[in-house]
Amino acid sequence: MANKKPHNSVLLWNSYSEGYNFKRILIEIIAPIVITILTILLIFLSDIKVTNILLKVKEMNSQVADIIAIQIGFNITCLALLASFSRDTLHDSFSKVQEGEKESVLRQLLSTFTYCVFVQTGIIFLGIIYNTVVDDLMNIEYLKMVNKNIQLILSYTFFLFWLSFILHSFMVFLRNVSLIHKFILVVFKTK
C-alpha cells in the first residue's frame, strides 16, 4: 500500500491546480458562480415553474454541445502541437524558468489542456444523459408529489452547479487560448 501510485485523475488535478492563484480562482471559479447566481435571480424573478427550469437546462445542453465539441478539438490539437515540439525546443522555451522547475511548468501547461478535455467531455456526456431522461423524470408520479418549494430548491441548486460547471469550462478554455498563444510566441522568439 505504501508504494501505491495515485490515480491518473489525481495526478492530473494536482498538476492542473498547482498553479492556482487568486486571479485564476476569481476567473475560473468565482466568476462562473456569480454569473450563474445572476442568471438564477433573473429566472426567479420571472416566476418560472420547475418544469421550465429543467427544460431550460435541456435547451442549454443542446446549444452548448457543438461549442464544447469544437473546444475539445482545439484542446486536443494544442496537446498535439505541444507534443510535436522537440525536447530542445521545449527546453529553450522555458529558458526563464529555473532548471529544476521546467518539468513542473511543462506538466502544468499540458495538464490545463488535458483537464479541459476531460471536463468538457464530461459535460457533453452528462448533458446527453440529462437530455435523454429529463422528460421521463418530469413524468414520475413520486416526484410530482414532492413539495413545490423543495422542487424549486432542487432545480435551482442543480441549475447553479450545472451552469457554473459549463461556464468554468469556458473560462479554462479561454485561459488555454491565451496559454497556447503565449507559448507559440515564446517558441518562435527563442529560435
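**A close look at Asn 75**

Modeller: Asn 75 is in contact (heavy atoms within 4.5 Å) with Phe 113, Cys 116, Val 117, Gln 120, Phe 173 and Asn 176, if its neighbours within four places in sequence are left aside. The model is predicted, so local features need pLDDT of at least 70 and side-chain atom pairs count only at pLDDT 80 or more, while totals for chains, interfaces and linings use all residues. Residues are numbered from 1 along each chain as its sequence is written, and side-chain values use heavy atoms, with hydrogens and water left out.

Asn 75 counts as buried because its relative accessibility is 0%. Buried means under 20% relative accessible area, exposed means over 50%, and partly exposed is in between, using a 1.4 Å probe and protein chains only. Across the chain, buried residues make up 35% of the 191 residues.

Asn 75 belongs to helix 3, residues 50-84. Helices are DSSP runs of H or I with at least four residues, strands are runs of E with at least two, and both are numbered from the N terminus. Helix 3 has 35 residues and reaches 50 Å from its first C-alpha to its last, close to the expected 51 Å; the expected span is 1.5 Å times one less than the number of residues. Helix 3 also bends by about 35° at Val 64, the bend being the angle between axes fitted to the seven residues ending there and the seven starting there.

A salt bridge is a side-chain nitrogen of Lys or Arg within 4 Å of a carboxyl oxygen of Asp or Glu. Asp 135 forms one with Lys 58, with the closest N and O atoms 2.8 Å apart. This pair links distant parts of the chain, since Asp 135 lies in helix 5 (residues 102-138) and Lys 58 in helix 3, 77 residues apart. Asp 135 is partly exposed because its relative accessibility is 33%, and Lys 58 is partly exposed at 24%. Elsewhere, salt bridges that share partners join Arg 24, Glu 28 and Arg 175 into one network. The whole structure has 3 salt bridges.

Glu 28 is buried at 1% relative accessibility, and Arg 24 is buried at 8%. Glu 28 also pairs with Arg 175, at 3.7 Å between the closest N and O atoms. Glu 28 lies in helix 2 and Arg 175 in helix 7 (residues 148-190), so this pair ties together parts that are 147 residues apart in sequence. Arg 175 is partly exposed, at 23% relative accessible area.

Of its contacts with a separation of 6 or more, 88% are between residues 24 or more positions apart. The chain exposes about 12300 Å², and carbon and sulfur atoms supply 68% of that; accessible areas come from the Shrake-Rupley method with a 1.4 Å probe, and for residues only the protein chains shown count as cover.
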